[in-house]
Amino acid sequence: MKKNIFRLVAVVALAGSLVACKKETAPYADEQTPTLSLTSPSSSFVQDQASIVLELSHFIHKDVVVTFGVEGIETEALDLPIEYTVEAGALKKTIPITVDEDFASLGNKTVRISVQDVTNATLGSKEVSLGIDIRDVALVNMSATDFVDGVATLTFTLSKKVTKDVVLGLEALTTGSGAATLLAADRLTFDKTVTIPAGSKVGTVQVQANTYGLAEGAYEAAIGIASFGSNAEAGAATAAYASIGVGFNPKANSSGNYFVYYSGYWYVYRSSAYSYFIWMEPASAGSLTDMAYVKEAMYRCRDYIRQEANRKAYLAYYVDGYSSYAGYIPTSIPQVTADKTGYWGWPIEVKDGKLVDPASGVDYNCIQVGFTQDMELVEDFYGAVIGM
């Protein structure tokens, strides 16, 4: 019996010893070291862009750390990390490379990128050569903001600074992005050339859009680069699209930014780009708390002003009767047509919290509708009701 107990204790001790030995052994200690290769899918830079590829012969459970060396171009001109890590378990990594020609001297160059040091791998192919011709020529890309108050901004960006002015020719395109209805060229006003001075990388041009008479909806302007100077070439983006919306956006608000109440009268606050027309309908026509009614009333205002005779009547009264106020929104100008449906400017008298037509004493719903100073529709059609 004692002999069997001794044997059992010995077996347990041996098992414990084996477990202890196993714990002390490093995992994946017998992994074979992979071979690292450096290659490139191309032999030269294209528009200052290229890439290199690091590839291992097989994966391991360790990071492979690579140190690069560069020859043939100024170090600060090449966007390439000095050290790069291929994470444990990875086999292949593609590294994009960009040349910043602002920091490179002119000339036809061969850029040599090599692996100077590597950990946890041995070296196979360790160098690639990429050609690039650094000229006094810049790539041009353009972009656009959307329209704000009828104006959009085109921005032209050069890939590098050049020693002479870059002069670009511009044109309205006949094909848009497809995201909205294209504005015709005759609705756009912009300089047909833009000059980016020598030593600069950015130029801008403003575009104005005329949306008068357009149906409600989403529109866009499409502008492209029609010609490049001898020291500029097309980049990836040589066209830009600026969005503009035409539509109503009624708001029930009697104390917003566009209204000032003083001594029993409402006055309109004019912004730099808008004037406002006060559209009046009998109070019996609908409730100002009903936004569906308000919107339909605004449509009626729009349709009325779109009749050229009505538009001219208001503008003529403004010019003839208030010529000394040119450049300012007129006030106290009643409509001179027979039906007395609107006012161009303020004030309108307020009695007992209700708005009345000063000429007739009849209660009216009064709705502010935004136009330009020429009484043309603005791209974002703001409106508000007063006398809530």
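How many bridges join strand S12 to S15? Four, and strand S12 (residues 166–172) runs antiparallel to S15.

This is a predicted model, so local features need pLDDT of at least 70, side-chain atom pairs count only at pLDDT 80 or more, and totals for chains, interfaces and linings use all residues. Residues are numbered from 1 along each chain as its sequence is written, and side-chain values use heavy atoms, with hydrogens and water left out.

View A. Strands are DSSP runs (E, at least two residues), numbered from the N terminus. Two strands pair if DSSP finds at least two bridges between them. Gly169 stands opposite Thr193 in S15. Side chains alternate along S15 (residues 193–196).

**View B. Lys192 over Phe190.** The charged end of Lys192 sits over the ring of Phe190, 4.1 Å from the ring centre. The cut-offs are NZ of Lys or CZ of Arg within 6 Å of the centre and within 35 degrees of the ring normal.

**View C. A four-stranded open sheet.** The strand order is S5-S3-S7-S9, with antiparallel pairing. Strands S5 (83–86) and S9 (127–134) are at the edges; each has a single partner strand, so one side of each lacks a neighbour in the sheet. The twist averages 30° from one strand to the next.

**View D. Strands S7 and S9.** Eight bridges join S7 (residues 107–119) to S9, and the two run antiparallel. Gly107 stands opposite Ile134 in S9.

Methods
Buried means under 20% relative accessible area, exposed over 50%, partly exposed in between (1.4 Å probe, protein chains only). Axes are lines fitted to C-alpha atoms, for helices over the stretch in contact, and angles run from 0 to 180 degrees between N-to-C directions.
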